[in-house]
Amino acid sequence: MFVALLLGYFLGSLPIAFWFGALRGRNLLQEGSGNPGALNAYRVLGPVPGFMVLLLDLFKGILAVALGEGVGGSPLGGLAGGVGAVWGHAFSPWLLFKGGKGLAAGAGVLFAVDPRLLFLSLLLFAILFALFRKPYRVALAVALAQPFMASFLHPAPAYLLFGLGLGLPVALRHLKDWHR
């Protein structure tokens with residue numbers, strides 16, 4: 001499982017948005033929100049590159065789960081690979097441990113592990129956003145709810161750890177934007 005975690009981390013750490021910006025002579029770490037993620041790529045580079053970054057970040061999460069299952073030999077390897085991908089996306093060694101917020105890669109991981117987890121996350125986000133209109137706070141709340149949602153759908157300790165491992169890097173990346 002450790003190999004699956006490392007493989008997922010390496011895959012997740014590939015800074016797709018940063019590379020798209022570099023290809024166009026832009027540094028997403030210094031422009032827009034300073035975040036090398038799909039939303040900032042959309043803001044700085046435009047809708048087509050932003051959408052391509054979103055799709056590739058989703059794919060990173062899905063692929064990390066699939067490769068993790070392959071190397072780990074079980075669904076637990078997939079959970080570890082998915083957690084690694086979100087940590088790699090949020091804390092990329094290629095960007096000196098800066099990175100994206102982890103939402104797109106995390107959505108890909110949730111979809112690959114159990115699409116119901118992604119659906120519950122999106123539903124909770126929609127409800128909380130309708131009530132509070134604070135996207136960064138809502139994303140933080142949904143990230144912190146991941147262990148509960150994963151345990152609700154899969155009452156096994158591995159899924160509780162999966163929810164913690166998945167939600168923590170997203171929560172850490174959203175804490176700095178708490179005031180928004």
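The axes of helix H6 (residues 103-113) and helix H7 (residues 115-132) come within 5 Å of each other and cross at roughly 135°. H6 is therefore oblique to H7. This is a predicted model, in which local features need pLDDT of at least 70 and side-chain atom pairs count only at pLDDT 80 or more, while totals for chains, interfaces and linings use all residues. Residues are numbered from 1 along each chain as its sequence is written, and side-chain values use heavy atoms, with hydrogens and water left out.

**Terms for helices and angles**

- Helices (H or I, at least four residues) and strands (E, at least two) are DSSP runs, numbered from the N terminus.
- Axes are lines fitted to C-alpha atoms, for helices over the stretch in contact, and angles run from 0 to 180 degrees between N-to-C directions.
- Angles under 35 degrees count as roughly parallel, over 145 as roughly antiparallel, 65 to 115 as roughly perpendicular, and the rest as oblique.

**H6 and its surroundings**

- Ala107, Leu110, Phe111 and Val113 of H6 meet Pro115, Leu117, Leu118 and Ser121 of H7, where contact means heavy atoms within 4.5 Å.
- Seven residues of this contact of H6 with H7 are nonpolar, one is polar and none is charged. Here Ala, Val, Leu, Ile, Met, Phe, Trp, Tyr, Cys and Pro count as nonpolar, Asp, Glu, Lys and Arg as charged, and the others, Gly among them, as polar.
- H6 is largely enclosed by the rest of the structure, because eight of its 11 residues are buried. Buried means under 20% relative accessible area, exposed over 50%, and partly exposed in between (1.4 Å probe, protein chains only).
- The buried residues of H6 are Ala104, Ala105, Gly106, Ala107, Gly108, Val109, Leu110 and Val113, and they pack against H4, H5, H7, H8 and H9.

**Nonpolar cores**

- A nonpolar core is a set of buried Ala, Val, Leu, Ile, Met, Phe, Trp, Tyr and Cys residues joined through side-chain atoms within 4.5 Å.
- The largest such core has 28 residues, and those with the most contacts inside it are Val109, Leu110, Val113, Leu117, Tyr159, Phe162 and Leu166.
- Two or more residues of this core come from each of H4, helix H5 (75-90), H6, H7, helix H8 (135-153) and helix H9 (157-175). H8 gives the most, with eight residues.
- Beyond its neighbours within four places in sequence, valine 109 touches Gly61, Ile62, Val65, Gly82, Ala85, Val86, Phe162 and Leu166.
- A second, separate core of nine residues includes Ala17, Phe20, Ala38 and Leu45.
- In soluble globular proteins, nonpolar side chains tend to be buried together.

**Leucine 117**

- Leucine 117 lies in helix H7 and counts as buried, at 0% relative accessibility.
- Apart from neighbours within four places in sequence, leucine 117 is in contact with Leu110, Met149, Ala150, Leu153 and Phe162.
- Leucine 117 and histidine 154 are 37 residues apart in sequence, and their C-alpha atoms are 10.0 Å apart in space.

- Helix H1 (residues 2-13) has 12 residues and reaches 16 Å from its first C-alpha to its last, close to the 16 Å expected at 1.5 Å a residue. The expected span of a helix is 1.5 Å times one less than its number of residues.
- The buried residues of H1 are Ala4, Gly8, Leu11, Gly12 and Ser13, and what covers them includes H4 and H5.
- Alanine 66 is found in helix H4 (residues 47-72) and is partly exposed, with a relative accessible area of 44%.
- The C-alpha atoms of alanine 66 and glycine 8 are separated by 9.6 Å, although the two are 58 residues apart along the chain.
- The 16 residues of H5 should span 22 Å, and its end C-alpha atoms are 23 Å apart, which agrees.
- In H5, 13 of the 16 residues are buried, so H5 is largely enclosed by the rest of the structure.

**Loop residues**

- Asparagine 35 lies in the loop between helix H2 (16-23) and helix H3 (38-45) and is buried, with a relative accessible area of 12%.
- Neighbours within four places in sequence aside, asparagine 35 is in contact with Leu28, Asn40, Gly99, Gly100 and Lys101.
- Most residues other than glycine have a negative phi.
- Leucine 96, in the loop between H5 and H6, has a positive phi near 55° and is exposed, at 72% relative accessible area.
- Arginine 133, in the loop between H7 and H8, has a positive phi of about 55° and counts as exposed at 56% relative accessibility.
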